[in-house]
Amino acid sequence: MDRIVVLGGYGAVGREAATALAEWFPGAVVVAGRDLAKARTVPGAVPLQVDLRDDADLERAVDGADTVLMCVEQDNVRVAEACLERGVHYLDLSASHELLAAIEQLNGLAVQRSATAVLSVGLAPGVTNLLARHCAEQAGGTEVRIGVLLGAGERYGPASIEWTLDGFAAIGPSSRMRFPPPYGTRTVHRFPFSDQYTLAGAYGIDRATTGLCLDSRALTALLAAARRTGATRLLRRPRVRAAALAALMRVHVGSEGFAVTATAGTFTASFSGHRQRRATGLTAALLIRRLDALPAGVRHIDQVVEPVEFLSELSKHGFDLDLGTADDEPAHYDAE
């Protein structure tokens, strides 16, 4: 590839993707965003100042590109359409179901322009989709449960924190789920990750649910308390939201460990390690290396790669992969 544009490529996840791509495609990676000084800090990449709200800036970023990787949530559908209209491949890291569903509507345009758009290209959604598909195919079950454990000590970008704050307002029932060592069985809370919506109806899956917890049991317990007392509704207030965002950007309690797991029937598989931002960025970067072999159209990661082969390659970058065991009993989920 001659030109890979990473929009938001100096953020927490975008930097990881751009750094890997710059090593694999020397001289071809462009890191674009509103802050030119930050764009210049990504080694091996060409900086480009772009304001996605400006049509001329968007055209300047997309024209001549082979691939665009979207690492921010800002007019994603408009950006995707601009890429596909020009026959430019497009990948999106968003975890918002509504946003991804809107991009799915561009499938006809992508096919017409011989362009590929891949959605759900991170850890969750992304790796979780692949684990869920693998478990469903192994167990033949109709229900898949996904667990996402994130390290409270990791430094997340503002966009990720804002999306998570939005999710807290819609946090759902709690349940118990088994994670790989050293985490063990944890309480997770249903969270609006897009994977549970896009997987329903595929691979024999009638129902999929995704639960979130933090490596800190105490902080996870606070999530449940906030939901029960209705405190999460306060996040809809602009001042409360701004204060919470500022606090989460400053305070890091816990580790940078993460784990994701999927269960279908009695079959469980998992993927874990440190620095979920690196796992997310590398997932997207590895997909870009495969784009030339993928069909035109708009699809999610689990629809374009084989789970075992892709996850095995990703795990070689310092992550732990367990491709599955059959437990004596299925994971038990209790609605509160």
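The paragraphs that follow take up the sheet, a helix and the cores in turn.

This is a predicted model, in which local features need pLDDT of at least 70 and side-chain atom pairs count only at pLDDT 80 or more, while totals for chains, interfaces and linings use all residues. Residues are numbered from 1 along each chain as its sequence is written, and side-chain values use heavy atoms, with hydrogens and water left out.

An open sheet is built from seven strands in the order E3-E2-E1-E4-E5-E6-E13, with parallel pairing. Strands (at least two residues) and helices (H or I, at least four) are DSSP runs numbered from the N terminus, and two strands pair if DSSP finds at least two bridges between them. Strand E3 (46–49) and strand E13 (297–300) each have a single partner strand, so one side of each lacks a neighbour in the sheet. From one strand to the next, the twist averages 20 degrees. Strands E1 (residues 4–7) and E2 (residues 29–33) run parallel and are joined by four bridges; Val5 stands opposite Val30 in E2.

Helix H3 (residues 55–62) lies across E1, E3 and strand E4 (67–70), at about 160 degrees to E3. Such angles run from 0 to 180 degrees between N-to-C directions, with axes fitted to C-alpha atoms, for helices over the stretch in contact.

A nonpolar core joins buried (under 20% relative accessible area, 1.4 Å probe, protein chains only) Ala, Val, Leu, Ile, Met, Phe, Trp, Tyr and Cys residues through side-chain atoms within 4.5 Å. In the largest, of 65 residues, Leu69, Phe271 and Leu287 touch the most other members. Helix H12 (residues 276–289) supplies the largest share of this core, seven residues. Apart from it lies another core of 30 residues, including Val5 and Val298.

Technical notes. Buried < 20%, exposed > 50% of the residue type's maximum accessible area, 1.4 Å probe, protein only. Contact = heavy atoms within 4.5 Å.
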